[in-house]
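Me: I'd like to learn how to read a model like this one, feature by feature. Could you walk me through it?

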Amino acid sequence: MNTGLFVAFATPQALDSALRSLRAARVGTIETFTPTPVETGTSIVPVLVLVGGVLGAIAGFLLQSYADMSAYPLDIGGRPFFSWPAFVPIAFENGVLAAILTGFFGYFVATRLPRLYQPVDEYETMRRAMRDLWCVAIRTDEPERARQVLDAHAPARIEELPA
Amino acid sequence: MSGIPAPHAFDPVVLPGSNNQDLTDQVCAIPLRRRAFFWWWVAITPFAVLTGVLIVGILYLFYAGVGIWGIDWPVAWGMAILSYVWWIAIASGGTFISALFYLTRSEWRSSVNRIAESMTLFGAACAGIYPILHLGRPWLFYWLLPYPATMHTWPQFRSPLLWDFFAILTYVTSSVLFWYLGLLPDLATMRDHAQTRGKQVVYGVLAMGFRGSSTQWRHFKATYAVLAAIMAPLVCSVHSIVGLDFAGAATVGWHSTQFPPFFIFGAFLSGFATVLLLVIPLRRLLRLERYITGRHIDVLCRLMLTSSLFVGYAYIMDAFQAFYGSDHAELVEFTEKVWGYYSGIYWSTIVFNVLVPQLLWFRRVRMRQVVVLLISFGIIVGMWCERYTIVVVSLHRPRLPSAWGVYHATIWDWLTLAGTVGLFFTGILLVVRLLPVISMFELRELVVPRRTPP
């Protein structure tokens with residue numbers, strides 16, 4: 001894995017078919033860099049959001065129950081101290097806040113961001129990966145074979161750097 | 001208009017002939033300009049001055065106290081609270097567009113959601129300062145937070161006013177995070193587009209290293225969708241709780257179960273009106289007619305008309321409940337609202353929010369941008385009048401005739417209101433100057449078809 005290739009395509013369809021050939025030929029490890037999402041897959045973040053939201057709502061509810069029943073019971077017109085329907089709005093808001101915070105920070109944890117520098121930034125073409133070229137970075141021992149596989153897909157650009 | 005035809009209701013979401021390169025270059029070029037547009041300076045100057053007025057108003061308020069405002073018994077909630085409700089409705093409207101219509105997969109949302117979300121951000125900022133200013137002792141606002149106080153006291157969790165504090169706190173935080181997360185891919189594009197070192201560093205740091213890798217996109221799509229799905233019920237809850245602030249009190253004119261949905265209808269209406277008010281001038285000034293087409297104006301106008309019918313229904317129910325119920329005080333208050341001292345404000349509400357928007361039934365009216373702007377502006381004024389009616393008119397006729405009174409806003413009330421308008425537009429103009437006003441990565445998916453047709 002001592003050579004890096006960075007290959008750019010003009011359309012997501014061209015990248016798609018090239019990815020299929022590259023995977024079939026097993027030329028090395030590949031990672032795509034694209035201006036639109038091309039590959040679908042699952043993510044852990046929604047699960048974290050659910051857990052965060054439920055825990056936040058429970059915590060909010062328990063805090064209110066503790067304050068009104070034990071820490072500072074106030075008789076308001078003879079209503080029960082544990083007047084749980086009144087605790088629902090804040091429990092909900094607290095759950096939402098926890099869910100959004102989990103989602104936001106969970107995203108950065110899941111993607112290992114912020115990361116201002118990555119070795120792929122050395123490729124000139126990387127400057128266009130968030131603009132108008134659908135790119136794939138390949139690390140391989142056999143750059144010649146990778147180029148042969150790619151030839152059929154008419155890439156817009158190919159760059160090579162020792163990895 | 002440089003070869004772009006007049007908008008038409010049957011325009012596609014993106015005009016034919018658009019491509020990704022042009023889209024990216026054009027949208028990036030706006031914030032990356034070395035010098036701002038001349039019109040930008042013309043526009044921001046008065047609003048920046050008004051923001052200064054707001055600061056002066058707040059400083060004088062902190063020095064002199066809320067006595068400088070018109071509030072007194074029986075009208076103890078005045079301009080601060082009604083403007084708070086007015087702003088939070090405008091803010092909520094932006095979230096409806098960006099979150100609710102994301103979930104419905106509406107294609108038209110992609111071009112306007114950045115503007116709508118920015119509107120949410122600054123609308124919420126304007127709203128958020130009011131309740132704190134309205135506190136007689138604003139430096140004690142942290143008493144609303146549940147914290148282990150040395151006097152072992154806790155906030156009153158059974159009060160809608162406390163729910164509101166939590167709702168606004170959650171809403172402002174979530175709006176900022178949702179807005180920023182949605183900006184990440186576009187900030188990365190800006191970083192790669194920037195020519196000078198300074199801009200590359202600033203946008204690069206803000207983009208946090210987003211590169212469009214498959215992992216980043218995969219998590220991004222999932223996270224954004226889930227957050228949108230949470231934002232939609234959140235915004236409904238926030239505005240319902242604002243409604244409960246009123247409905248929870250046994251005050252004449254407030255104590256009504258229709259308040260939470262009624263307030264949400266109002267949020268829809270003012271949100272669509274404000275978005276149109278921003279989108280129509282911006283598409284022209286920034287030459288974005290290609291991406292914000294007649295289709296967008298048409299859809300937003302239809303939604304505005306629908307919300308106008310919703311609030312019309314709520315006004316009818318408001319009248320119905322006064323006569324259907326047997327409470328004499330409610331009848332007195334309603335009669336006073338319709339025929340009394342403040343009746344001009346009530347009828348302005350009806351005219352601006354319900355009657356004038358009926359013009360939008362006609363497609364030709366919807367495509368006349370100046371007319372749409374005027375109707376939208378009328379709605380913004382009408383919504384303000386509606387809040388005035390709810391807050392002031394209800395309070396000035398309590399149950400005991402001996403407690404009746406009249407409220408007038410003072411110059412400081414008006415200056416503070418004008419100041420928040422300045423703050424709002426200053427914020428929007430800063431976004432226009434510094435950030436891409438169109439969500440490029442979302443629009444790209446419309447411009448670049450994912451799959452070629454077989």
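Reply: Let's go through confidence, the interface, a helix pair and a few backbone details.

Reply: This is a predicted model, in which local features need pLDDT of at least 70, side-chain atom pairs count only at pLDDT 80 or more, and totals for chains, interfaces and linings use all residues. Residues are numbered from 1 along each chain as its sequence is written, while chains are lettered from A and ligands numbered from 1 in the order in which they are written.

Me: What is the mean pLDDT of chain B, and where is confidence lowest and highest?

Reply: First the general idea: where pLDDT is low, the predicted coordinates should not be read in detail. pLDDT is the predictor's confidence in each residue, from 0 to 100. For chain B the mean is 91, with 98% of residues at 70 or more. Within chain B, helix H15 (residues 440-447) has the lowest confidence, a mean of 87, and H11(B) the highest, at 96. Helices here are DSSP runs of H or I with at least four residues, strands are runs of E with at least two, and both are numbered from the N terminus. For the complex, the predictor gives an ipTM of 0.93 and a pTM of 0.93.

Me: How many residues of chain B are in contact with chain A, and which helix gives the most?

Reply: A contact means that two C-beta atoms, placed from the backbone, lie within 7 Å. By that rule, 53 residues of chain B touch 51 of chain A. On chain B's side, H1 (20-32), H5 (160-193), H6 (197-207), H7 (214-247) and H15 each supply at least two residues. H7(B) gives the most, 16 residues. By class, that side of chain B has 23 nonpolar, 22 polar and eight charged residues. Nonpolar covers Ala, Val, Leu, Ile, Met, Phe, Trp, Tyr, Cys and Pro; charged covers Asp, Glu, Lys and Arg; the others, Gly among them, are polar.

Me: At what angle do H11(B) and H13(B) pack?

Reply: Axes are lines fitted to C-alpha atoms, for helices over the stretch in contact, and angles run from 0 to 180 degrees between N-to-C directions. H11 (residues 343-355) and H13 (residues 369-395) of chain B pack at about 145 degrees, axes 8 Å apart. The residues making this contact include Phe352(B) of H11(B) and Met383(B) of H13(B). They split into eight nonpolar, six polar and one charged.

Me: Is Thr293(B) buried or exposed?

Reply: Count C-beta atoms, placed from the backbone: 20 or more others within 10 Å of a residue's own is buried, 12 or fewer is exposed, and in between is partly exposed. Thr293(B) is buried, because 24 other C-beta atoms lie within 10 Å. Beyond its neighbours within four places in sequence, Thr293(B) contacts Pro7(B), Asp11(B), Pro12(B), Val13(B) and Leu15(B).

Me: Which backbone details should I look at in the loops?

Reply: Arg112(A), not a glycine, has a positive phi near 55 degrees, and it counts as exposed because it has 11 C-beta neighbours inside 10 Å. Met208(B), also not a glycine, has a positive phi of about 60 degrees; this residue sits in the loop between H6 and H7 of chain B. As for omega, the peptide bond from Leu113(A) to Pro114(A) is cis, near -5 degrees. The bond from Trp73(B) to Pro74(B) is cis too, with omega near 0 degrees.
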